[in-house]
Amino acid sequence: MSSKTYSKRSPGCYKTRMISRLASCSCGKLTVRCQGEPVRVSMCHCLACQQRTGSVFGAQARWPKAQVTIAGAATEWTRTGDEGGTLTHRFCPTCGATVYYTCDDFPDVIAVPVGAFADPTFPAPSFSVYEARKHSWVSVPAAAEHMD
Ligand SMILES: [Zn+2]
Ligand SMILES: [Zn+2]
């Protein structure tokens, strides 16, 4: 087969229909099923993400809402971001783990903390934001785009 016969469709399109991942809280009562590859994976070093996660940075992946299926009860907590947008975090009322959140500036996008997938093979972040607040010992993937 010559290369001229290859489909122009990118491998990403094929994966979009094939891959399905499940994010879960610690106790398993709140889950989010995500179809296809995330549209964006980022890490955020801001102090709000540090406090929310209890870790020293947040890592999150985003999908179009239409590719996400949520199951289980969630409690909401809303905060106003630095640029005025409203972020609403949803967490399990039993174990307290945040399993997804939304931003009112992007209502058709669902963000899921990468740790909720409990999958060390999850794609690395492409964006590293709020590096002004980064702990000095945290290293960022070499290919990531850096933002203060
Ligand atoms: Zn739970
Ligand atoms: Zn943040």
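**Figure 1. Pairing of strands β3 and β4.** Five bridges connect β3 with β4, and the two strands are antiparallel. The model shown here and in the following views is predicted. Within this pair, arginine 40 has arginine 62 of β4 as its bridge partner. Six of the seven residues of strand β4 (residues 58–64) are buried, so β4 is largely enclosed by the rest of the structure.

**Figure 2. Pairing of β4 with strand β9.** Besides its pairing with β3, strand β4 pairs with β9 (residues 109–113), again in the antiparallel sense and over five bridges. Proline 64 lies opposite valine 109 of β9.

**Figure 3. Surroundings of serine 42.** Serine 42 belongs to strand β3, which spans residues 40–44. Because 22 C-beta neighbours are found inside 10 Å, where 20 or more are required, serine 42 counts as buried. Apart from neighbours within four places in sequence, its contacts are Gln60, Pro125, Ser126, Phe127 and Val129. Valine 114 is 72 residues away from serine 42 along the chain, yet the C-alpha atoms of the two residues are separated by 9.2 Å.

Figure 4. Strand β7 (residues 86–91) runs antiparallel to β8, and five bridges join the two. Five of the six residues of strand β8 (residues 98–103) are buried, so β8 is largely enclosed by the rest of the structure.

**Figure 5. The open sheet β1-β2-β5.** Three strands, in the order β1-β2-β5, make up an open sheet with antiparallel pairing. Its edge strands are β1 (20–24) and β5 (68–71), each of which pairs on one side only. On average, neighbouring strands of this sheet are turned by 15° against each other, direction ignored. Strand β2 (residues 31–35) is joined to β1 by five bridges, and the bridge partner of serine 24 in β2 is threonine 31.

**Figure 6. The largest nonpolar core and tyrosine 100.** The largest nonpolar core comprises 25 residues, and those with the most contacts inside it are Ala23, Val32, Cys44, Cys92, Val99, Tyr100 and Val112. Two or more residues of this core come from each of β2, β3, β4, β8 and β9. Tyrosine 100, setting aside its neighbours within four places in sequence, contacts Val32, Ile70, Arg90, Ile110, Ala111 and Val112. In soluble globular proteins, nonpolar side chains tend to be buried together.

**Figure 7. Overview of the chain for orientation.** The protein chain holds two helices and 11 strands, and from the N terminus its elements follow the order α-β-β-β-α-β-β-β-β-β-β-β-β. Of the 148 residues in the protein chain, 26% are buried. Among contacts between residues at least 6 apart in sequence, 50% join residues at least 24 apart.

Methods
Residues numbered from 1 in each chain as written. Chains lettered and ligands numbered in written order. Predicted model: local features only at pLDDT ≥ 70, side-chain atom pairs only at ≥ 80, totals over all residues. Buried ≥ 20, exposed ≤ 12 C-beta atoms within 10 Å, placed from the backbone. Helix = DSSP H or I, 4+ residues; strand = E, 2+ residues; numbered from the N terminus. Pairing = 2+ DSSP bridges. Contact = placed C-beta atoms within 7 Å. Axes fitted to C-alpha atoms, helices over the stretch in contact; angles between N-to-C directions. Core = buried A, V, L, I, M, F, W, Y, C linked by C-beta atoms within 7 Å.
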